[in-house]
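Dear colleague,

Please find below the structure that I am handing over to you, with its sequence. My notes on what was found in it follow directly after.

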Number of protein chains: 2
Amino acid sequence: MYIIGGTTSEKVAKDLCKELQVSLVKMISKRFPDDELYIRILDDISKEHVVIIQTTYPDQKIIELFLLQEAVREAGAKKITVVIPYFGYARQDKKFKDGEPVSAKTMAKLISLNADKVITVDPHKEYILDFFTIPAFSCSAVPEIAKYLNKKKNIDMVLAPDKGALERAKQASTIIGCDFDYMEKTRIDGTTVKIKPKNLNVRNKNVAIIDDIISTGGTMAKSIKELKKHGAKRVLVACTHGLFAGEAIKKLKSAGCDEIISTDTIRSDFSKVKIAPCISKLI
Amino acid sequence: MYIIGGTTSEKVAKDLCKELQVSLVKMISKRFPDDELYIRILDDISKEHVVIIQTTYPDQKIIELFLLQEAVREAGAKKITVVIPYFGYARQDKKFKDGEPVSAKTMAKLISLNADKVITVDPHKEYILDFFTIPAFSCSAVPEIAKYLNKKKNIDMVLAPDKGALERAKQASTIIGCDFDYMEKTRIDGTTVKIKPKNLNVRNKNVAIIDDIISTGGTMAKSIKELKKHGAKRVLVACTHGLFAGEAIKKLKSAGCDEIISTDTIRSDFSKVKIAPCISKLI
């Protein structure tokens with residue numbers, strides 16, 4: 001088995017090589033003067049099982065994955081497994097309005113064209129795995145995030161940002177051995193919305209909010225503010241996929257967030273949790 | 001029949017609507033805060049033949065095409081024709097070295113997934129049409145470029161930048177009614193290369209060099225310099241696809257180029273020739 005890391009996932013690929021005791025494939029990924037991508041695989045991978053790791057975000061990295069897949073296929077690989085740490089376009093998982101594409105399905109179909117198996121991490125909705133036309137699997141980063149929180153942070157309770165995400169908070173709380181709850185929105189009048197934990201009291205507690213994706217951080221920032229208002233001692237936010245679009249970090253910090261934690265499915269200054277151990281079990 | 005213009009090709013789509021007397025589909029193409037693309041088709045196109053126009057350059061515009069194709073398919077179109085004025089990655093049309101992908105083939109296969117017919121303009125090599133797994137056709141912009149040159153420029157001869165491109169120069173010269181030739185490279189010693197027209201004398205002549213693509217403009221700039229050195233009165237350069245990467249325009253101008261002409265397969269300040277009339281014949 002050989003592992004190739006696309007330019008979004010070089011570190012994850014290296015971690016995975018260590019986990020699985022296999023070799024990293026040498027390759028070139030550079031841009032022509034007109035900004036088109038040039039890909040070249042430098043090792044002999046013919047008749048091998050090749051694992052390509054690439055987060056499909058932003059758009060240019062999707063194109064890189066397609067070219068990597070083609071190069072690996074052309075080089076005579078026996079089997080191609082594509083690992084997508086963060087699967088871009090996953091949130092457009094249905095037609096919300098007439099005339100829209102199901103973008104997650106588009107990407108899944110295109111990626112399936114030159115692969116034999118797909119692995120992704122914490123997809124926003126589990127059913128998007130069915131969009132692939134090849135066997136597709138997902139793993140959860142929650143255990144690794146929980147282990148990180150457990151080791152260093154003295155967490156009293158884990159909160160889900162909404163009821164739909166409760167299962168994730170419950171899973172983390174079991175590992176940490178603490179309480180769990182979800183943030184409930186209550187509409188007070190036409191415009192004001194109150195957000196607070198459904199059952200638990202956060203006064204003087206160390207609280208972790210756990211979610212799959214943080215994008216603009218808007219909702220998360222509101223939750224942090226409310227928790228602080230209700231007397232929470234420390235509020236940590238943890239997510240699998242830290243997109244941190246636009247002013248997200250600034251918003252979280254000025255809301256009073258004490259620590260931001262993410263995995264390295266998308267690399268950032270907050271990638272404190274390694275994703276490779278979760279992925280390795282599925283390869 | 002309905003026509004949809006992707007964001008690279010809105011003007012071409014409008015021109016095509018006029019040529020063919022059909023309607024342009026209203027659509028939304030915008031970016032989410034995390035820079036992912038949102039597409040929505042606003043008109044009812046179910047059971048219709050829908051023509052999508054999109055240049056697949058740069059990378060982000062390829063993704064836009066994929067999402068447009070999916071949206072059109074999901075909206076129940078009877079037939080999808082994809083028109084690609086400039087087909088990105090067309091120059092990686094073979095494995096130049098082991099371990100490379102045939103990127104043109106990758107793109108062709110992916111585009112074929114949600115389309116019934118493809119039309120492109122002056123592909124760098126005609127055989128890339130075979131990479132599509134659906135019927136694929138190409139048209140030439142040379143007649144339209146020649147008509148433009150003929151009307152206003154008083155051209156004495158058309159030159160191909162190399163022997164391989166001679167056919168294009170010949171075709172243009174027939175329409176203009178002038179001489180044609182190609183630029184021949186002669187290696188003088190180990191390092192110096194001399195470029196000049198194989199047979200014709202350019203002294204006091206108005207010369208047009210015609211090529212399919214201008215990317216960085218390096219070779220073209222050398223040719224212009226040589227022609228000027230040999231006494232050419234005016235040197236015009238004309239191409240189908242004006243990529244004009246990096247400092248291309250500056251290079252061409254400082255080499256002494258008197259006019260730069262391109263079609264609108266890629267929009268720029270030099271898109272003086274409309275491509276829609278060439279395309280319309282194939283739809």
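Over all chains, the structure holds 32 salt bridges, a salt bridge being a side-chain nitrogen of Lys or Arg within 4 Å of a carboxyl oxygen of Asp or Glu. One of them is formed by the side chains of A:Asp59 and B:Arg31, at 3.2 Å from N to O. This pair joins two chains, because A:Asp59 lies in helix α2 (residues 59-74) of chain A and B:Arg31 in strand β3 (residues 27-31) of chain B. Helices (H or I, at least four residues) and strands (E, at least two) are DSSP runs, numbered from the N terminus.

Please note that this is a predicted model, in which local features need pLDDT of at least 70 and side-chain atom pairs count only at pLDDT 80 or more, while totals for chains, interfaces and linings use all residues. Residues are numbered from 1 along each chain as its sequence is written, chains are lettered from A and ligands numbered from 1 in the order in which they are written, and side-chain values use heavy atoms, with hydrogens and water left out.

Turning to the backbone, a cis peptide bond with omega of about -5 degrees joins A:Tyr57 and A:Pro58. A:Pro58 lies in the loop between β5 (49-53) and α2 of chain A. In chain B, the peptide bond from B:Tyr57 to B:Pro58 is cis, with omega near -10 degrees, and B:Pro58 is in the loop between β5 (49-53) and α2 (59-74) of that chain. A:Tyr89, although not a glycine, has a positive phi of about 65 degrees; A:Tyr89 is found in the loop between β6 (79-84) and α3 (103-112) of chain A.

Yours sincerely
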